[in-house]
Amino acid sequence: MKPLLYVDGYNVIGAWPKAAQENWPLDECRDRLIHLLQDYAGYTDQEVWLIFDGYRADRPTRSVDEREGLTIVYTKHGETADHFIERMCENLPRYREARVATSDSIEQTLILGRGATRLSARELWRELNAERSTGRGRHQTPSAQQRTSLWAALSPEQYDALEKLRRQK
């Protein structure tokens with residue numbers, strides 16, 4: 001079973017140094033975070049849930065959007081991301097490994113009591129950046145030398161026999 005990561009979206013955006021420096025609007029921050037977490041989920045093979053508060057929104061129901069390894073939740077009116085995450089952690093089986101990315105100290109204490117581990121927003125940003133650099137390296141297209149490694153593995157006799165077959169018309 002894949003490890004599970006719950007991310008408090010607005011809390012993590014609030015700790016994003018680049019977003020603050022470049023003064024991105026909130027909707028751009030959300031979109032960029034979604035793309036980063038999709039990559040992260042793919043690189044790490046984790047089940048990632050990104051939760052955004054709908055506490056002050058007029059949305060009467062919760063909405064859930066599933067995209068390539070990432071589940072995005074917009075909570076309903078009156079529900080915070082913290083409450084949603086707490087309930088999810090409370091319902092986890094004991095054997096399920098789960099982490100929660102938030103810098104909210106009260107939330108960290110509550111989720112620890114529910115069996116999940118905590119990850120501060122700053123730690124998540126470090127992890128995202130590190131995994132993005134190493135993950136890209138793992139998914140590079142093979143070089144010409146790597147693509148021809150089959151030929152290098154052949155004995156001279158096998159190579160000659162295949163070359164002879166290739167040249168026949």
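Predicted model: local features only at pLDDT ≥ 70, side-chain atom pairs only at ≥ 80, totals over all residues.
Residues are numbered from 1 along each chain as its sequence is written, and side-chain values use heavy atoms, with hydrogens and water left out.

The chain holds nine helices and six strands, taken as DSSP runs numbered from the N terminus (H or I, at least four residues, for helices; E, at least two, for strands). Of its 169 residues, 37% are buried, meaning under 20% relative accessible area with a 1.4 Å probe and protein chains only. Cysteine 29 is buried at 4%, as is cysteine 89 at 1%.

Turning to the sheet, the six strands form an open one in the order β3-β4-β2-β1-β5-β6, with mixed pairing, where two strands pair if DSSP finds at least two bridges between them. β3 (63-67) and β6 (117-119) stand at the edges with a single partner strand each, so one side of each is left without a neighbour in the sheet. β3 pairs with β4 (residues 70-74) in the antiparallel sense over five bridges, and arginine 67 has leucine 70 of β4 as its bridge partner.

Helix α3 (residues 26-44) packs on the sheet, touching β1, β2, β3, β4 and β5, and its direction makes about 165 degrees with that of β2; contact means heavy atoms within 4.5 Å, and angles run from 0 to 180 degrees between N-to-C directions of axes fitted to C-alpha atoms, for helices over the stretch in contact.

Definitions and conventions. Buried < 20%, exposed > 50% of the residue type's maximum accessible area, 1.4 Å probe, protein only.
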